[in-house]
Amino acid sequence: MSAPMLPALASGLLVGGGLLLVLLAWYGTPVSSSRTPSSPGPARRTRRERRLGRAVLSLAAGVLTWVFSGWPAAGLIVTLAAWGVPVLFSTSRRAAAAIDRVEGVEDWVRRLSDVLIVGVGLGQAILVTASSAPAPIAEEVAALAARISARWSTEDALRAFADDIGDADADLVAAALILAQRRKGPGVAAALAALAAALAEEVAMRRRVEADRAKPRATARAVTLITLAVVAVGALNGSYLQPYATPLGQLVLVGVTGVFVAALAWMRTMTLSSTRRRLLVSSSRTATASS
């Protein structure tokens, strides 16, 4: 590496390190693996750690591109591409995973209803069904059972369960179970069976909607791949990108990239389901496990 490249490398590393510290401060780092009333659920904590890891890798790729190409715009574009392309391509998978979680809740509620028919209490029924919970919500149900075993109140444990899943349909189930725990009257099993039937209809409707949105998502992915391929081929040809080597060209390149990214983000937004407002809004989680 030549001596003139050393200041550019140092400045790039300093900028990258500063942005990395900002990301760590924004997302936070887990200080303990133990589950407390105010800590995020297992699935949510895993998603946060994945986002942080992807952000660090994207930033590192952008900084290296900037240092070795000498183009700040190239570093920015690579950072955006490394961060945004996986997000764009994972939209369908994330939507399917959300539907699978709701379907898992529906299956688990049916099992709860079957166990409650025998005449056991709600807390005991949760403990019995925890070992056979559907895979999409197995971690959340296991955490729910662990809280009840740790002598949390059933209501606090159910509220934490709803926060772990973070879905309006899961809130509906948690709210029904909380009411059942408060009133302790007959007919809980029948009510849960009816709720499971409603959730099954919700899952079927969501799957139909996602099937209709598969085509525009595939179009967005195809446009992105074609554009990235053209840029990659052009990067191998020095004369193709030569007009962007000037400061004005860098600004034009950033502007074109910004318009393209905004168009992709708009297309992705149109294929996303609107987020329904949750029934059980996460509180300050002041509830603690009683000894």
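Student: Is Arg151 buried or exposed?

Tutor: Arg151 is exposed, at 60% relative accessibility. Exposed means over 50% relative accessible area, buried under 20%, partly exposed in between (1.4 Å probe, protein chains only). This is a predicted model: local features need pLDDT of at least 70, side-chain atom pairs need 80 or more, and totals for chains, interfaces and linings use all residues. Numbering runs from 1 along each chain as its sequence is written, and side-chain values use heavy atoms, without hydrogens or water.

Student: Where does Arg151 sit, and what is its phi?

Tutor: Arg151 lies in the loop between H6 and H7. Its phi is positive, about 70°, although Arg151 is not a glycine. Helices here are DSSP runs of H or I, at least four residues, and are numbered from the N terminus.

Student: Which residues of H5 are buried?

Tutor: Start with the general idea. An α-helix has 3.6 residues a turn, so residues three or four places apart point the same way. In H5 (residues 122-130), the buried ones are Leu122, Gly123, Ala125, Ile126, Thr129 and Ala130. They lie on the same side of H5 because they cover an arc of only 160° around the axis, taken from the directions from the axis to the C-beta atoms.

Student: What covers them?

Tutor: Among others, helices H4 (91-117), H6 (138-149), H7 (154-165) and H8 (168-183).

Student: What does Asp167 touch?

Tutor: Asp167 is in the loop between H7 and H8 and is buried, at 13% relative accessible area. Leaving out residues up to four places away in sequence, Asp167 touches Val102, Ala162, Arg206 and Arg278; contact means heavy atoms within 4.5 Å. A polar atom of the Asp167 side chain lies 2.8 Å from the backbone nitrogen of Asp169.

Note on methods
Helix = DSSP H or I, 4+ residues; strand = E, 2+ residues; numbered from the N terminus. Polar contact = N/O pair within 3.5 Å; in protein donor to acceptor, adjacent residues only side chain to side chain.
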